[in-house]
2 protein chains.
Amino acid sequence: MNIAPMPPGRPKAFDSTEALRAALQVFWAKGFAATSIGDLTDATGLGRQSLYNEFGDKQKLFAAAIQNYRQCETATMASILRKEASTAERIREFFRVALDAHFDGHRRGCFLTSSIAIRSEIEPELAQLMDEAVNDLRRAFVKCIQDGIDSGEVSANMDPEALGMLFFTQAQGISVVGKCQRDRATLDRSIEALLATLK
Amino acid sequence: MNIAPMPPGRPKAFDSTEALRAALQVFWAKGFAATSIGDLTDATGLGRQSLYNEFGDKQKLFAAAIQNYRQCETATMASILRKEASTAERIREFFRVALDAHFDGHRRGCFLTSSIAIRSEIEPELAQLMDEAVNDLRRAFVKCIQDGIDSGEVSANMDPEALGMLFFTQAQGISVVGKCQRDRATLDRSIEALLATLK
DNA sequence: TCTATTTTTTACCAAACAGTCAAAAATACT
DNA sequence: AGTATTTTTGACTGTTTGGTAAAAAATAGA
């Protein structure tokens, strides 16, 4: 495998995905409409023109941020639901990690959840992108339930689509509720109550 | 009881709460940051100056919209949880009404849910307002569970705070998920699965 | 009809906005 | 060293923004 030959012209003074991650943080913290190009150049360190050269306009950059979030954060969370463990244990771990990240850190909730909540601020073409990204997680929940049915852990009478949707919706809800509810213990107990549906 | 004496000066050409409701619709549809004063004057029919005279600035108007939503929509939904029926039946009815309104109508989700999701767009003083408003609903769920425990319908081993939080979070989640999930039937079945936690 | 008071209308402002252009700077290749 | 190519810099544009000022219009009471 050859190393890519150096292209002619002045080399870029920034790392593209690093800049994208910085932009994502701003969109995540402020939302699409409330984020200005100035906010983005500040956060990325890129000059205005460099930002436009690299990512196109504000909306294209937002789309790229969604994609990056999907590939990094969403994929990581979904992978928890595919671990080698019982269905209940995987789901418990999912919510534990989600709540840890939330309460120990940013308290910003899921970027996709917030983006969907304000989707009307943005163009409809982006809506589809958000739907696809968030559906990765829903499908992962459904698959996790199905695994439990296959292994006999979960009753075969159960409806994996409905149960998957239930857990998925709860995850979305927590992303919102976590912003205005600082009592984590009650949220932990509510998840334990939810896990009882598997029995 | 006397009728209010007509004040001096030119009479207002609009109804204040009617204008507020129109403004609420715009904020609900577009979000705070993406709503311009022009959008608001268009929707209310008020002149720019009349809008400022009546409601103060954009943020104060948004606060008034939240209050109105709390008193109308949130209160109506919470009252379903206090009806004369079993705990399970009240909750089932709650979600039925919520999903009916969503899928038959605007598909905009709960105004409070969306506002909380983008709360960083707005001033922190408004955050408290949103928290209080949405907590009305959480408390209504807790009370509904407690009623079930008192009547013997729900096991006394259950934790009403945790279960109330569970249902409340699910309601918030549905408000988001409903925007990108057009399969209502699965949502209905997920609610039935959730109601099984009461047994 | 005149005065006091309030709302409406119209015009306006400075700031912020998204996006563009053209010149300057930095590199690879010859 | 010179040329081709690309990125960076900094200025610029027309528009939209939230908010305000002042005059015009509409009413009650005298």
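Copies of a chain are superposed by least squares on the C-alpha atoms of residues with pLDDT of at least 70 in both. In this predicted model, a rotation of 180° with 0.0 Å of shift along its axis places chain B on chain A, with an RMSD of 0.1 Å. That is the relation of a two-fold axis. Chain A and chain B touch each other through 41 residues from each chain. The protein also has 24 residues around DNA strand C and 24 residues around DNA strand D.

**How the two chains are related**

- Two copies of a chain are related by a rotation about an axis and a shift along it.
- Here the rotation is 180° and the shift is 0.0 Å, which means that the relation is that of a two-fold axis.
- Both copies use the same surface, since 100% of the contact residues of chain B recur in chain A.
- Within chain B, the residue that comes closest to the rotation axis is Gly173(B), whose C-alpha lies at 1.8 Å.

**The interface of chain A and chain B**

- About 3,300 Å² of area is buried between chain B and chain A, and carbon and sulfur atoms give 68% of this area.
- The rule finds two salt bridges across the interface.
- A salt bridge joins Arg189(A) to Asp159(B), and the closest N and O atoms of this pair are 2.0 Å apart.
- On the side of chain B that touches chain A, at least two residues come from each of helix H1 (16–30), helix H6 (111–117), helix H7 (124–151), helix H8 (160–180) and helix H9 (184–195) of chain B.
- H8(B) gives the largest share of that side, with 15 residues.
- By class, the side of chain B that touches chain A has 19 nonpolar, 13 polar and nine charged residues.

**Around DNA strand D**

- The closest residues to DNA strand D are Gly9(A), Ala13(A), Ile37(B), Arg48(B) and Gln49(B).
- Sugar or phosphate accounts for 59% of the atoms of DNA strand D within 4 Å of the protein, and bases account for the rest.
- Ala13(A) has a backbone N or O atom 2.6 Å from a phosphate oxygen of DNA strand D.
- A base oxygen of DNA strand D lies 3.5 Å from a backbone N or O atom of Gly9(B).
- Helix H3 (48–55) of chain A and helix H3 (48–55) of chain B each supply at least two residues of the surface near DNA strand D.
- That surface has 10 nonpolar, eight polar and six charged residues.

**Around DNA strand C**

- Ile37(A), Arg48(A), Gln49(A), Gly9(B) and Ala13(B) come nearest to DNA strand C.
- Of the atoms of DNA strand C within 4 Å of the protein, sugar or phosphate holds 62% and bases hold the rest.
- Gly9(A) has a polar backbone atom 3.4 Å from a base oxygen of DNA strand C.
- Gly9(B) has a backbone N or O atom 3.5 Å from a base oxygen of DNA strand C.
- At a phosphate oxygen of DNA strand C, a polar side-chain atom of Lys58(A) lies 3.3 Å away.
- H3 of chain A and H3 of chain B each supply at least two residues of the surface near DNA strand C.
- The residues of this surface divide into 10 nonpolar, eight polar and six charged.

Definitions and conventions: Residues numbered from 1 in each chain as written. Chains lettered and ligands numbered in written order. Predicted model: local features only at pLDDT ≥ 70, side-chain atom pairs only at ≥ 80, totals over all residues. Heavy atoms only, no water. Near = heavy atom within 4 Å. Polar contact = N/O pair within 3.5 Å; in protein donor to acceptor, adjacent residues only side chain to side chain. Helix = DSSP H or I, 4+ residues; strand = E, 2+ residues; numbered from the N terminus. Nonpolar A, V, L, I, M, F, W, Y, C, P; charged D, E, K, R; others polar. Contact = heavy atoms within 4.5 Å. Buried area = accessible area lost by both parts, 1.4 Å probe. Salt bridge = Lys/Arg side-chain N within 4 Å of Asp/Glu carboxyl O.
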